[in-house]
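This report describes selected side-chain contacts and packing in one protein structure. Please look at the sequence and the model before reading on.

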Amino acid sequence: MTFRPVLVLLPMALSGAAVSTAVCAAEMTRAEISAARARIEQTYQAKVRECNQRFVVTGCLEDARDERIRELRPLDHAEHQVNAEERLRRSAAARERVQQNERDAAKDEARRKTESVREAAQPASAPVVPGARTPRANPEWHQRREAKLDAEAKAEAALRREAAAERRQKALDRQRKAGEQQQRSAEKAASAASAPVGKNTKPPAARLPTPSASDIRALPRP
């Protein structure tokens, strides 16, 4: 009867230790979790080597594995929490970027509207009135210059017409030569087809007469 309180308090102490370990693991960073995993694995490998030196190996290895699982479970939970927090931070950062882009776009739109209103409110500029032409100081020189420019323009137009006529004539000449070449080729082909048989061409061989029945009977028999 004296052992019952101890047996009751022992699971409570173990559960309290597990809760304390879980609370500490929940506050760990990813680097701390990785370091804790490495320590647990190192301790587990040392216990496995120690168990292999004992007489009863199976029970010792099972205890080492159970202890390793108990120690890794809070770290797994903490790692899941770290991953969830990172996902939340990434999503929050993405939402912030989208909202910032929307705010920038709204500012640009408001600035464009303000500029449009300001431009519409400004008075229209007065039309530019062309100045009066100054009288020519030398009308004769101006007339000679106009005549010279007119003559140069006419000469340039005449040169363009001559060049165009020359190009058309060359095109006609090429067409005429091509037609003559085709006609000569056709004449050569026709003359080759109607040419008589040459001297070196042998006449076809004459057919031999077919022997009659009497000629066949007259042949000597062996």
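The sections below cover the basis of the report, the disulfide, the cores, the salt bridges and the rings.

## Basis of the report

The model is predicted, and local features need pLDDT of at least 70, while side-chain atom pairs count only at pLDDT 80 or more and totals for chains, interfaces and linings use all residues. Residues are numbered from 1 along each chain as its sequence is written, and side-chain values use heavy atoms, with hydrogens and water left out.

## The disulfide

The structure holds one disulfide, a term that here stands for a pair of cysteine sulfur atoms within 2.5 Å. A disulfide is a covalent bond between the sulfur atoms of two cysteines. In this model the partners are Cys51 and Cys60, with their sulfur atoms 1.7 Å apart. The angle about the S-S bond is -60 degrees, and the link of Cys51 and Cys60 is left-handed.

Are Cys51 and Cys60 buried or exposed? Both Cys51 and Cys60 are buried. Buried means under 20% relative accessible area, exposed means over 50%, and partly exposed lies in between (1.4 Å probe, protein chains only).

## Nonpolar cores

A nonpolar core is a set of buried Ala, Val, Leu, Ile, Met, Phe, Trp, Tyr and Cys residues joined through side-chain atoms within 4.5 Å. The largest one has eight residues: Met28, Ile33, Ala36, Ile40, Leu72, Leu75, Ala78 and Val82. Helix α3 gives the most, with four residues. Helices in this report are DSSP runs of H or I with at least four residues, and strands are runs of E with at least two, numbered from the N terminus.

A second, separate core has six residues, including Val48, Cys60, Leu61 and Ala64. Cys60 is also a partner in the disulfide with Cys51. In soluble globular proteins, nonpolar side chains tend to be buried together.

## Salt bridges

A salt bridge is a side-chain nitrogen of Lys or Arg within 4 Å of a carboxyl oxygen of Asp or Glu. By this rule the count comes to 14. One of the salt bridges joins Glu109 and Arg112, whose closest N and O atoms are 2.6 Å apart. Arg112 is in helix α3 (residues 58-121). Glu109 and Arg112 are separated by about one helical turn because they are three residues apart in helix α3. Glu109 counts as partly exposed because its relative accessibility is 34%, and Arg112 counts as partly exposed at 45%.

Which residues form salt bridges with Arg176? One partner is Asp173, at 4.0 Å from N to O, and another is Glu180, with the closest N and O atoms 3.2 Å apart. Arg176 and Asp173 are three residues apart in helix α4 (residues 139-193), so about one helical turn separates them. Glu180 lies four residues from Arg176 in helix α4, also about one turn. Arg176 is partly exposed with a relative accessible area of 44%, Asp173 with 26% and Glu180 with 33%.

Elsewhere, a network of salt bridges links Arg37, Asp76 and Glu79.

## Rings

Arg68 lies over the face of Tyr44, at 5.2 Å from the ring centre. For this, NZ of Lys or CZ of Arg must be within 6 Å of the ring centre and within 35 degrees of the ring normal.
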